Amino acid sequence: MTNKISRLIKRMTEEPFPTDGSLYDLGDGNLYQTEDGYTFHTVGNVSLLQNGCSGGNELYRATLKAPTTTTNTKEIKTVSSSYDIFADIVGYTDIKKEFTKALQSVSPVGILLVGPPGCGKSEFLKQIAKAFPEQSLFIDGTYGSKAGIFDKLKNTKPKYLILDEIDKLKGDDQQALYNLMESGRLTKTTKAEHYDIELKCWVFATANNKEDILEPLFDRFERYFLGQYNDDEFKAIAVQRLKKEGIQDEELALYIANAVLRGLNRKNLRDAIRIARKCKTFAQVEETVQTMKKYSNLN
Ligand SMILES: Nc1ncnc2c1ncn2[C@@H]1O[C@H](COP(=O)(O)OP(=O)(O)OP(=O)(O)O)[C@@H](O)[C@H]1O
Ligand SMILES: [Mg+2]
């Protein structure tokens, strides 16, 4: 594997530490700060800090500009583990942070991920639902029930409403969702039924097309538009993701990624995953890709 790819994987898989002036005790007697979240530089030693800020130690004041928190190695683990629920997702560190903040917020927040197929949108929702199974209601917009999302919401009263492919939801359901996000109330008035209940609900959603979402509903979300991966990102993600499919050999994983990119002329991780599940040698990958190529234009 090229150094470039390994550097990229390293960068994409490691969460940066906060760059807010926090002080880090890495256990060697020195105090550190970081400006980029990855590299640390010494800014004094632990004993100075232990003397206390109010002690007016000159060196401490001169070298440590506006420290906001002190952190020891134990706390460093806590900081990084706050994004752990998204550990299976490669990259998107900034978006992981925003989800983490939203999940910890006191009042409801709505986040919508919009983007092309295969860019990891649903993976975010799956990880949230997995981490909070009791509090989450997962609805796939493509399987909207006849009763719509009302009844499910009324029966389960989830804290987190997780909506995959919100753009596929029926107009009525989009309207109900808008009302919920706007008022914090779930209301329904039909001949058969009437209710108006309070529901404090965080909504996390995905969509391929913003055009199919009611404008007022779209407006209630904090939106993140994800683009298609470039070739290097695709390869780096494939190497990580295919480990979950039992491909530990990074050369083989890269070979599969390249076969999808160059052989099939696609940038679809789902193709890479399917091939990885079936093929465990270079020859098997080659054979499968040749067959896929041969029959790829029949439809
Ligand atoms: N950044 C990533 N890290 C790890 N796995 C990823 C990443 N991006 C995509 N994948 C994997 O690729 C596959 C497709 O991703 P996902 O289902 O999240 O796509 P999507 O954006 O929801 O696409 P669609 O619009 O077609 O539903 C999944 O198996 C997912 O695990
Ligand atoms: Mg999806």
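Two strands pair if DSSP finds at least two bridges between them. Strands here are DSSP runs of E with at least two residues, helices are runs of H or I with at least four, and both are numbered from the N terminus. With those terms in hand, welcome to the structure.

This is a predicted model, in which local features need pLDDT of at least 70, side-chain atom pairs count only at pLDDT 80 or more, and totals for chains, interfaces and linings use all residues. Residues are numbered from 1 along each chain as its sequence is written, while chains are lettered from A and ligands numbered from 1 in the order in which they are written.

**The chain as a whole**

The protein chain holds 13 helices and 11 strands. Of its 299 residues, 28% are buried, meaning that 20 or more other C-beta atoms, placed from the backbone, lie within 10 Å of the residue's own; 12 or fewer makes a residue exposed, and anything in between partly exposed.

**A covered strand**

Let us look at β7, which spans residues 160-164 and has 5 of its 5 residues buried. Y160, I162 and D164 cover one side, with L161 and L163 on the other. Strand β7 runs parallel to β6 (residues 136-140), with 5 bridges, and it is also parallel to β10 (residues 202-207), with 4 bridges. I162 in β7 stands opposite F138, and in β10 its bridge partner is F204.

Most residues other than glycine have a negative phi.

**Around the ligand**

Which residues come nearest to ligand 1? They are P117, G120, K121, S122 and L269, out of 18 residues around the ligand, where a residue is near if its C-beta atom, placed from the backbone, lies within 6 Å. Helices α6 (121-131), α10 (231-243) and α12 (269-278) each give two or more residues to this shell. By type, the shell has 7 nonpolar, 7 polar and 4 charged residues. Nonpolar covers Ala, Val, Leu, Ile, Met, Phe, Trp, Tyr, Cys and Pro, charged covers Asp, Glu, Lys and Arg, and the others, Gly among them, are polar.
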